[in-house]
Amino acid sequence: MTTRHLLVLTILALCGLAFVAPSPTHVPQDLKPPSELALLMRNMASFMDTAKSHTVRGIDRPPYPEQFKKMKTATPTEGMVEHEVFDPFADFFLTTLDSYYKAKKKDRVQRYNALVQACANCHMQVCPGPLVRIKKMYVPLPEPIPTKKN
Ligand code: HEC
């Protein structure tokens with residue numbers, strides 16, 4: 001094979017890739033781009049999915065998600081956040097996050113579920129839409145062994 005052949009093949013391969021790769025100009029867009037807070041919430045939801053699968057499989061927690069501390073300052077969708085209502089729930093969530101990271105191994109499932117509860121508490125008050133998704137984040141605890149009375 002000559003160098004020229006190789007060159008032609010390389011160009012064909014590159015063009016082929018270019019055809020396969022989706023062009024960014026054709027990606028459908030929402031009418032309004034999501035707010036900074038909405039994007040942060042999406043990260044929080046995928047963090048919880050990862051944390052759940054780690055919990056279920058007995059793997060250590062994912063790295064501490066520092067960016068969640070921006071909750072109270074991230075710009076929300078207009079009209080979505082009243083800080084008087086939102087901020088105490090946000091503080092509670094962040095405290096619960098810290099106790100999940102401080103928890104001993106034996107307490108981690110419970111602390112993880114408390115974190116899901118902290119998501120749900122705020123959502124019940126301010127934005128019920130994602131509750132369906134949030135409720136699926138709980139890790140079921142084993143049934144308590146029935147104890148004999150008397
Ligand atoms: C302090 C209140 C509060 C807490 C705690 C909270 N959220 Fe939210 N969440 C909101 C608000 C308000 C919005 C709407 C944000 C906007 O549109 O700007 C939202 C939006 C969302 C969305 C929709 C994002 C989108 O695509 O528009 C998801 C999913 C979500 N939250 C999941 C979670 C999860 C999972 C947790 C816990 C890890 C959590 N939230 C904790 C208040 C909260």
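**Close-up views of a predicted model**

**View 1. Confidence along the chain.** The protein has a mean pLDDT of 85, and 79% of its residues reach 70 or more; pLDDT is the predictor's confidence in each residue, from 0 to 100. This is a predicted model, in which local features need pLDDT of at least 70 and side-chain atom pairs count only at pLDDT 80 or more, while totals for chains, interfaces and linings use all residues. Residues are numbered from 1 along each chain as its sequence is written. Take care with residues 7–24, where pLDDT stays under 50 and the model has 1 contact beyond four places in sequence (a contact means C-beta atoms, placed from the backbone, within 7 Å). Where pLDDT is low, predicted coordinates should not be read in detail.

**View 2. The shell around the ligand.** Of the 26 residues around the ligand, those that come nearest are Met-41, Thr-77, Phe-89, Cys-119 and Cys-122 (C-beta, placed from the backbone, within 6 Å of the ligand). Two or more shell residues come from each of α2 (36–57), α3 (83–102), α4 (108–126) and α5 (131–135), helices being DSSP runs of H or I, at least four residues, numbered from the N terminus. The largest share, 7 residues, belongs to α2.

**View 3. The buried face of α4.** Tyr-112, Leu-115, Ala-118 and Cys-119 are the buried residues of α4 (20 or more other C-beta atoms, placed from the backbone, within 10 Å of their own). Down the helix axis these buried residues fall within an arc of 105°, so they line one face of α4; the arc is that of the directions from the axis to the C-beta atoms. They pack against α2, α3 and α5.

Key. Two residues are in contact if their C-beta atoms, placed from the backbone, lie within 7 Å. A residue is buried if 20 or more other C-beta atoms lie within 10 Å of its own, exposed if 12 or fewer, and partly exposed in between; C-beta atoms are placed from the backbone.
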